[in-house]
Amino acid sequence: MYGMVLGLAGLGGDWRLAHELWNSPAIIGEAINVVAIVVWVTISVFYAAKWIFARGEALEEAGHPIHCCFIGLAGVATMLVARALLPYSHPVALVLLFLGMAFSILFATWRTGIMWRGGRDHEATTAILYLPTVAGSLVSALVLGSFGYTGLAQLLFGAGMFTWAATESVLLQRLLTAPEMAPALRPTLGIVLAPPAVACAAYLSMTSGPPDLFANGLLGYCLLQVALLVRVVPWIMKQPFAPSYWAATLGTTALASASMRMASRGGDGIGGQLAPYLFFFANGVVGAIAIGTIALLIQGRLLTVSHPRAAE
């Protein structure tokens, strides 16, 4: 559910950049950000209610080897909402930024400490492992850079980058050597685009001048991940459309954001030249998934009753 906030807030940020770059209507980005904020408030209220009125289920979810990591997105979504609110209220945005960052760091530390004890099955190793530490750290760096806290952003950038490198090797080993991933988990592979894309956007938010070798290298790895994901789309789509498809939206919107930031920084690099096409791609992906989600909502199939062990 929080993946919806990530995709919508990411797209809202892209449209703000589009307004600066190409003078596109500012109202579009602001409207998308409003929707992102409303979705965030709605999900947060119901998730808080879950901990109050169904604490047993919430605790079981927190202890589940797969479902647990999605909880980290609560902090990540809050930070992106803080960025969306920044032009309107700096104090409110600042409070939300540090609340989201604190939650992300505390949750990542708690959950990673449990995972370090071992005992996990290979089948439980999926792209969701990026969410507590990698997503939390890199999104913190991205949003801190937007707020001007460059020094702190650099610390979180390092935490996210090195954790990403370590986690990626574990995920690749699982994909290459363990049994085929269950269909219900396959859409979560869209998460693999997020680390390089958010890292690239975060790096550009902390630096100035034309894009350098490192920024272009990160963008190149993003494009490779896009190609790999496109290659396995038929395999992923053996899982009928579900909210889990939102997993691809943070990386997609961050990729467009990184390219657009490159375009705004000048230079004749291909990264900036790709900006209009990647912006169109991000709108297509988020738009298609949003339409699918609305269709599920209308059909009464958006929320399904299931037990946390169902994904095992």
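This is a predicted model: local features need pLDDT of at least 70, side-chain atom pairs count only at pLDDT 80 or more; totals for chains, interfaces and linings use all residues.

**Stop 1: a helix pair**

Select helix α1 (residues 2-22) and helix α13 (residues 275-299). Their axes come within 11 Å and cross at roughly 145°. The crossing is left-handed. Now show the side chains in the contact. On α1, pick Met4, Gly7, Leu11, Asp14, Trp15, Ala18 and Trp22. Their counterparts on α13 are Ala275, Pro276, Phe279, Ala282, Asn283, Val286 and Thr293.

**Stop 2: salt bridges**

How many salt bridges does the model have? The count comes to three. Side chains of opposite charge can pair when their charged atoms come close.

Stay on α1 and select Arg16 with Glu30. Their side chains meet in a salt bridge, 2.9 Å from N to O. The pair links distant parts of the chain, with Arg16 in helix α1 and Glu30 in helix α2 (residues 26-53), 14 residues apart. Arg16 is buried, at 18% relative accessible area. Glu30 is buried as well, at 19%. The cut-off for buried is under 20%, so Arg16 at 18% and Glu30 at 19% both fall below it.

Next, select Lys50 and Glu61. The closest N and O atoms of this salt bridge are 3.3 Å apart. Lys50 sits in helix α2 and Glu61 in helix α3 (residues 55-63), so the bridge ties together parts that are eleven residues apart in sequence. Lys50 is partly exposed at 24% relative accessibility, whereas Glu61 is buried at 18%.

Then go to Glu180 and Arg186. Here the closest N and O atoms are 3.2 Å apart. Arg186 is buried, at 4%.

**Stop 3: a buried arginine**

Select Arg111 in helix α5 (residues 90-115). Arg111 is buried, with a relative accessible area of 5%. What does Arg111 touch, beyond residues up to four places away in sequence? Display Ala62, Gly63, His64, Pro65 and Cys68 to see these contacts.

**Stop 4**

Move to Leu131 in helix α6 (residues 130-147). Leu131 counts as buried, at 6% relative accessibility. Leaving out residues up to four places away, Leu131 touches Cys69, Phe70, Leu73, Gly136 and Ile191. Draw a C-alpha distance from Leu131 to Pro195: the two are 64 residues apart along the chain, yet separated by 9.4 Å.

Now select Val192. Val192 is buried too, with a relative accessible area of 10%. Beyond neighbours within four places in sequence, Val192 contacts Ala127, Tyr130, Leu171, Gln225 and Leu229. Val192 and Ala248 are 56 residues apart in sequence and 8.1 Å apart in space, C-alpha to C-alpha.

**Stop 5: a nonpolar patch**

Which residues make the nonpolar patch? Select Phe98, Tyr149, Leu152 and Leu155. Together they make a patch of about 350 Å². Leu152 is in helix α7 (residues 150-177). At 33% relative accessibility, Leu152 counts as partly exposed.

Notes:
Residues are numbered from 1 along each chain as its sequence is written. Side-chain values use heavy atoms; hydrogens and water are left out. Helices (H or I, at least four residues) and strands (E, at least two) are DSSP runs, numbered from the N terminus. Buried means under 20% relative accessible area, exposed over 50%, partly exposed in between (1.4 Å probe, protein chains only). Contact means heavy atoms within 4.5 Å. Patches are made of residues with over 30% relative accessible area and no salt bridge: like charges are joined within 9 Å, nonpolar side chains (Val, Leu, Ile, Met, Phe, Trp, Tyr) within 5 Å. Accessible areas come from the Shrake-Rupley method with a 1.4 Å probe; for residues, only the protein chains shown count as cover. A salt bridge is a side-chain nitrogen of Lys or Arg within 4 Å of a carboxyl oxygen of Asp or Glu. Axes are lines fitted to C-alpha atoms, for helices over the stretch in contact, and angles run from 0 to 180 degrees between N-to-C directions. A crossing is left-handed if the near helix is turned anticlockwise from the far one by less than a right angle, and right-handed if clockwise.
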